[in-house]
Each structure stands twice: as structure tokens, then as C-alpha cells.
Amino acid sequence: MRPAMAVFNKLLYAGILVAGVIAPMLFPDYTLQLALLWIMILFSLTWDLQGGQMGYNSLGNIFFFGAGMYICAVVQIGLYYDVADYTAAFGAVKVDFTDQQYFTGLALGVIAAAVASIGLAVIFGRIMFGLRGPYFAIGTLGVALAAAELVGTWEYVGGGGGISLPVYPGDPDVRSQFFYLLCFILTVATFVCLRWLYTTRFGLALNAIRDDEIKAEAMGIHTTRYKTVAWTVSAFFLGMSGALFGNMIGFIEPLEVAFPTTTFGIFMVLMVLLGGKGTIWGPVIGAVLFHVIKEVTWTYMLGWQWITLGVLIIINVIYFQQGIMGWAQEKWPERFGLVVDRRTTISSKEESA
Amino acid sequence: MSTPVIEIKGVSKSYGGVVANRDITLSVKQGGITGLIGPNGSGKTTLFNSIAGYHPIDGGSIRFMGKEISDFNVQKISRLGLVRTFQQTRIYGKMDCVRNMLISIPHRNATWRDMFAPYDKKINDRAEQLLEFVGLYAKRHLPAGSLSFGQQKLLEFAMALMNEPKVLMLDEPTAGINPTLINGLIDRLHRANKEFGITMFIIEHNMRVIMNMAQHIYCLAHGELLADGPPEEIQSDQRVIDAYLGAH
Amino acid sequence: MLDNLSLLVDAPVLNAQLLLDGLFIGATFALAAYGMALVWGVMNIKNLAQGDFVILGGYIAVSLSSVGLNPVLALPIAVVIMFAFGWITYKLIISRIIDRDLFTSLLATFGLAIVMAQAMNLIFGADVQTAESGMDTLLLGDFVTVNEIKIVSLVIAAVLATIVIVFMKRSRMGQAIRATAQDVRAARVMGIDTDRVYAFTFALNSAICGAAGVLISMIWVIQPYFGITHTIRSLVIVTAAGLGNLPGVIMAGFGLGFAEQYAGFVFGAEFQQATVVGLLVLILIVRQIQQARHRQVVQ
């Protein structure tokens, strides 16, 4: 990499880190929206791991988000109280967590969410990765929808009524900043982890699976291992993000909050599409653009928001599928380290019979 | 040059009522080049697919290096050292040539830790050497999908070599390539066979090519083994000539 | 749950009720699934908005019935409207995703599904609705009740299915459709205007969905967000039966109807949706196991 690029990169990362840390101080009223922005970026990055890098379009990644959310909540409450009693009474059971109980519960809850998500990815990966093409997308969508439905009937976790989470012990502003920071750290960790992954053999194997899975199998690559591990990585981060999000909202409910397949679940795909599949920055750019525009315009749309969203998806996927990064890479390939053969290919005429 | 690396006995395979292979018995000797010829539709690629593990066979046995592989899957067979190329050349289109090569290293002994390792200089050098060997060094940073058809065939060949196979099954390696470039390809195939010690089993339509390269040739027709022998015999075998001219 | 199960054993007549209800609703499922299989087989488009087309048809019936038109009479009107809607949708959206990769077609139709569901929500509101047909309820034996409208619906479904099948076999367009499905290039070479064929196929599917929707609005309920569940039902049936298998689609449609009725009875009404999705996952798993035995992948 040219020295100028290397310096630019370092400045870029430093700039983002600084901006990330001070943002809630600059815009205190928007702290929770900013926290959600980091979660959106995490959504995009993890979706791209399957969709952009590996070629498996999952419509059900939101499954891990919701699973992590519920597991964290159950651990947080269950450590100190009986969950069944708590949910049966719809919060009428008085729960009083000491500061220490709250934070311990939260920490253990997030860890439990991460571990459980890994387990779920391994189990469901076995089932899902035998499916290709449309069946994988539909199958994953089915899993997420089924989870929403089934959790909604499970009285232990509150059924359709949902669960209220323990209240943060402290000032609401501090609470916002606290969760903002956690979301920020988690997303940065996701980015760093994925960026590293893409420099290893792992990243290359995923790309090979995307470009031609039959060839990858024929060359002896352990495709199932790679696919499962990739999904596990996504699940790991998604589960934790769900745990944090649940606590931020304060109340979780299966269809709208935990497993929102038609909102967050599809946003994941759209954001990556917008920013550019298969690149490390594409998902980030797409997420930022999408979230910012959405937050700004949503309230003015008077019921037309979702229709606009649907139209956006259609237009994007038909006309602008390469996304912003894809478009940039086509225009200025050398900046991205890509080599393009600009000579007219006389050689192809020479070589074909 | 005497022990068979691939031994096929009585292999049959049908697809939806059509018998693609009926009771085929042949063997590929170690170290040499064996040819598989036959008119279109005679079942050559089906046989290749059966050996490579793409589908279960209806009957018979397939042994590779003495091991029965007829119920192994594609990856397992490939990791044993039996690598095949495809009639419709398969390469990783969005990655550049070097990356295509890097991912083609043998995964025989790949451990979980290997999954996350970076590629070291040795592997990189080998990739570039093999690209040089097939004449693609200058294009090594281009995306594989932007190469011409002939160049992609060469890349696929280089990737196969990178995989350090014991036996290489090539499905019509010269198909669609301009005649003036075929000699270069034949030369490289010979060198791979002699210098790298790779046994080859080749499906070919180009008689000039296969008669010059192979020590032993099998001819299929209508799904059955019609004739086999050294090139001189096959060339003058009336049954083979009739099969190609459609007298059957 | 176990109580409900034992009830089925103790009172066999309950089974008759469930089977009958499953039959009636299953017929509409089979109709919609056939349309999906048609578009999938001919154009290789997996229409994730299929269920929303169904619901739209239902809303046409509901709207017309609110101004006094009996939904049975509204059916032909709905079919025509939906045919036109399908044609327009093809021209605007679907024509641009033919021959493109799977991701494009899945996402574009999913986007369409969102647009349709939300538009219907805006226009018709979020309540569940039914198209009143003012028919009586029959009593069979002592315990089995059947709405006359359900019988009418089954008859209509059978008639429609027959019309479509005959059309596909005998008419020129039907033959053109089947030729295009088999080999697009050959069809073009033979002078078939494949774009027109595709438009017609999609419009036909839209009309079939519309008809199914009218029937569903008569014998059940519709709601703007029920579309995705109907899409999944069609997917379940098409996956279970396979693309070219019409008798299979009919059987699977009835089977799904039965399964839903039984699940709703044994596990509770809130489980009905979960059953549909659960069946989808189950069928995909079964298919995967089958394909693994042939060492193929589920494409």
C-alpha cells in the first residue's frame, strides 16, 4: 500500500474513533439514535459477511438478534428472581435490583447471549447450509418468523406480552451514554474482527464459496466449516447487539422488537445493497446513509414511510445493485488496489478457436 | 508406471431412464497419461463425475490408490489428491489470479487454526511461479473473470497444479482454444506430467492431441467401453472409427 | 394440548369438521400455489409478493361487497382487475428482473411485497375483514357445521383450476407459455414473443391469486399483513410438490389446510401461523436430506 494511503487510513480510523466517542457529548438529545446507528452498522457488517462475502443471502439474521435479546433478559432477571413469576405478573412483581445486581446481570446476560447465539448458529447452520440459492433465503426467513411466532406463545418469557427489562440504576442521560458507549465498542469490535478475518485465508475461502461453490468443493475446501464459522461470527455479534438493544428499549416483545423480520431484518440487506456488497466500508457507508436519511425523513412521511422503503429496495436492487462502493470501485479502480486491463482484448480473439 | 491409481470395475450410472454408463471397467496407471475418448454423448463426463464423487453410482466399484471412493463426497475425494478440471471452465471470477491460486492450495491437512492464518511468502511465491509456468504472470492481478476464455483455462490448470494433486482429471483441456495455442498447452501438460510427476486422465476430442500425449487410450460409445489400447491400435481400430462416424 | 388431542380421539366427528374446513381452505392455498409454481417454472421468478396479491384480490371483494355486490359476483371483476394489475407490475418491475440473479429477484419481489402490504394498510386499515356473502350455515349430522359459502368456494376453486388447466393445454398462449418454460431460446427462435408470454404468465398468476383472495375473503379473513403468511404457504406447497407436479400441488394444498386446522385445534389458534412457518422449515430440511442422498444440493 502506498505510504500516503496508509497514513490516510490511520487518520480515518482515528477520526472515526474520536467522533464516535465525543458524538453523544455533542448531540446529547440524539444519543439513543446514535447508539442505534452503531447497531445498524453492526447489522450491515454482519449481513455482508454472509451476503456480500460468501454469497448466501440470509433473510433471517435477525433471528440471532432476537435470541440474544431474550436470553440476556432471562439471565438478567433470572439470576435474582423467578422469571416465570415475573412474566406471569406482567411486571406487577416488584423487582428491585441493586446496582451490583444490575450490572452483573447485564454483563452475564450479554455473555450468555453471545454464547447461546454461537450455539444456535452451529445448530441451525447444519440445517440451513445444505440449502442453496432461494431456499437458503427462504429457510432463514422461515426460522426468524418461526422464532417470532413461537416465542410469542411461550408464557415463560412473557408470550405475546413481552418482558420488561431491569431499569438502569442512575440518571437517564447517563443511561443513554452508557448504552451508547457499549454499542459503539461492540460495533468497533465487529469491524476490527471482520477486517482482520478478510485478510486471512478465511476471507479468501468465503469469496471462493461466493464465486463458485462447486469449484471450491472440487478443490477440497471445507466449505461447510467455513460457512458455519462465518454464520457463527455474525451470530456472536448480533446476539450481543440484541442484548444491548433490548436493554436500551427497556421492553421487549417478540414480533416488533426482538424478531422484526420486515423492518430490521430487511434493513440489513438494503443498507449493504446501498453501500456496496462485499466490501468492508460499503456496509458502513450504507448503514450511515440509510439511518441518517431515515431518521430525518421518517416523521415527515405521514404513513408513506414503508411504501417509500419498499420502492427504494426495488429501485436499488434493479438499478444500483453494486452500491456506492461498487460504483466507486468501477470508476476509480486503482484507488482501491484493483487492476484493470484497459487494452482491447485482441488476445481473446487470438485464443478462441 | 505399473500400479493403477484409479481402478474402475463394472461402473454403471443412469439418469432418469437414460443409461449413461454401463458396466465400465478401466484403470489409470500411475505416472502416465491416459486418454478417454468417444463421440458426444458416450458418457465420458458422466464417468468423470462419478469418479469425482458428484453422484452415487448405480453399481460397480471405484478405487483410488487402492481405496474405495464410490461413496465419498466431492471434497473428500479431492482432498485425497484426485483433482479434476471442468468442461465449462470454473474459476473464481471476482478474485484476481493470484488469489485464485492462493485459495487453491491443498486443504488435505487443513486444521482449524489454518483457517485463520494469513498466506506466507512461500505460498505466494509458488502461486506466482505456477502462474509464470502457464504464462499468466503478467495478468496475475487482473480479476479472473476478465480473462479471455483460453486464459481462464490456463488459470484453471494452474490452480489444479497448485492443489498438488496425485492424479489430475482434465475434461477437454484444449476445447475452444485456438489451434496455434494448443501446442503451448500440450507442452505444459507434458511438463506437469514429467516434472511434477502428476498422473493424468484426460477426456479429449482433439485426436491429434490425445494420440500424441497418451500412453493408453480408452474409447467409450453409447455408455459402454468400446475399445482400449495404445494410441497406434486405437487409431486404426475400425470400431472406433465407426463410432465417431456414426455407423453405430 | 393433550386435552384437545384426546378430544379428537373421543369425538371422531370433530375430525370430520377439521378435515372439511381444511379441505375448503386448502383449495384456495392450492390455487395460489399453482400460480406461484407457474411464475417460478416459466420465468424462474420466486415471487415473494404472492401472498400480497392474494390479499389484494380479497380486498377487491371486500370493497365491492361493502357497496352491496355479492362477493361471488365480484370474483370475475376481481380477476380482471388483478390481471391488469399483474400486467402493469410485470411491465414496471418484473420485466427488469428476468434473467438476473436470484438475489435481485428475491429482493425486488420482497420490496414489492412491502409496498403492497403497506399500501393496503393505508387504504383499507389494519382490521381483519371478511366479504359478507349472506349465506346460510348447514348442519351435517349433529356436530358438523358447514357454511354454504365454503361449498361454493370449493366449487369455484375447482372450476377455476379446470379452466386454467384446459387453457394451458389447449390454447395458443398456453402452449406458448409451456414452450417458453421448456426452452426460452428455442421459443424465441420459433417466433414466440417471450416478453409477451412472460407478461401474460405473470398477469395470469396475479389473476389466480386474486381469485384465491376473493375466496379467502369469503370463507376466512384478510388483513394487510397476512400476505407474507400466504406467500409462505405457497412456498411450502411448491417446495413439497415440486414445480411441474399439478396433482402434487393440489394434494399439498389440501394437506396444508388439514395441517393448519389440526394444529390450530390441538395447539391453539395462536399456533396456526407458527405451524405454517414451521412446516416450511421442516420441508426444507426433508428436501435437503433427500438431496444429500443423491449427493446433490437443494438448488
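Leaving aside residues up to four places away in sequence, C:Ser153 touches C:Thr28, C:Leu215, C:Met218 and C:Ile219. The residue sits in helix H6 of chain C, which spans residues 148–170. Is C:Ser153 buried or exposed? Its relative accessibility is 1%, so C:Ser153 counts as buried. Please keep in mind throughout that this is a predicted model.

C:Ile285 lies in helix H12 of chain C, residues 272–293. With a relative accessibility of 23%, C:Ile285 counts as partly exposed, because buried would require a value under 20%. C:Ile285 and C:Gly213 are 72 residues apart along the chain, and 29 Å separates their C-alpha atoms.

**Where chain A meets chain C**

Let us turn to the interfaces of chain A, starting with chain C. Here 38 residues of chain A are in contact with 39 residues of chain C. Together the two chains bury about 3600 Å², and carbon and sulfur atoms account for 79% of that area. Which residues of chain A lose the most area to chain C? They are A:Tyr135, A:Ile138 and A:Ile318, which together make up 18% of what that side buries.

On the chain A side, at least two residues each come from helix H5 (99–128), helix H6 (133–152), helix H12 (264–275) and helix H14 (305–319). Helix H6 of chain A gives the most to this side, with 13 residues. Sorted by class, the residues of chain A that touch chain C are 25 nonpolar, nine polar and four charged.

**Aromatic rings**

Over all chains, a search of the whole structure finds 52 aromatic pairs. In one of these, the ring centres of A:Tyr135 and C:Trp40 are 6.0 Å apart and the ring planes are at 35 degrees, so the pair is tilted. This pair crosses between chains: A:Tyr135 belongs to helix H6 of chain A, and C:Trp40 to helix H2 of chain C, residues 12–43. Both A:Tyr135 and C:Trp40 are buried.

**Where chain A meets chain B**

On to the other partner. Between chain A and chain B, 36 residues of chain A are in contact with 47 residues of chain B. The area buried between them is about 3600 Å², and 60% of it is on carbon and sulfur atoms. How many salt bridges are there between chain A and chain B? The count is two. In a salt bridge between these chains, the side chains of A:Asp212 and B:Arg90 meet at 2.8 Å, N to O.

Polar contacts between chain A and chain B number 14 residue pairs, again with both residues at pLDDT 80 or more. Two or more residues of the chain A side come from each of helix H7 (172–197), helix H8 (201–211), helix H9 (213–218), helix H10 (223–249) and helix H16 (346–351). Helix H8 of chain A supplies the largest share, eight residues. By class, this side of chain A has 16 nonpolar, eight polar and 12 charged residues.

Most residues other than glycine have a negative phi. In chain B, B:Asp23 has a positive phi of about 50 degrees although it is not a glycine. B:Asp23 is found in strand S2 of chain B, residues 18–29. B:Glu164, too, is a residue other than glycine with a positive phi, near 50 degrees. B:Glu164 belongs to the loop between helix H5 (149–162) and strand S7 (167–171) of chain B.

To finish, here are the accessibilities of the individual residues discussed above.

| Residue | Relative accessibility | Class |
|---|---|---|
| C:Ser153 | 1% | buried |
| C:Ile285 | 23% | partly exposed |
| B:Glu164 | 43% | partly exposed |
| B:Asp23 | 52% | exposed |

Key. Residues numbered from 1 in each chain as written. Chains lettered and ligands numbered in written order. Predicted model: local features only at pLDDT ≥ 70, side-chain atom pairs only at ≥ 80, totals over all residues. Heavy atoms only, no water. Contact = heavy atoms within 4.5 Å. Buried area = accessible area lost by both parts, 1.4 Å probe. Helix = DSSP H or I, 4+ residues; strand = E, 2+ residues; numbered from the N terminus. Nonpolar A, V, L, I, M, F, W, Y, C, P; charged D, E, K, R; others polar. Phe/Tyr/Trp six-rings, centres within 6.5 Å; stacked < 30°, edge-to-face > 60°. Buried < 20%, exposed > 50% of the residue type's maximum accessible area, 1.4 Å probe, protein only. Salt bridge = Lys/Arg side-chain N within 4 Å of Asp/Glu carboxyl O. Polar contact = N/O pair within 3.5 Å; in protein donor to acceptor, adjacent residues only side chain to side chain.
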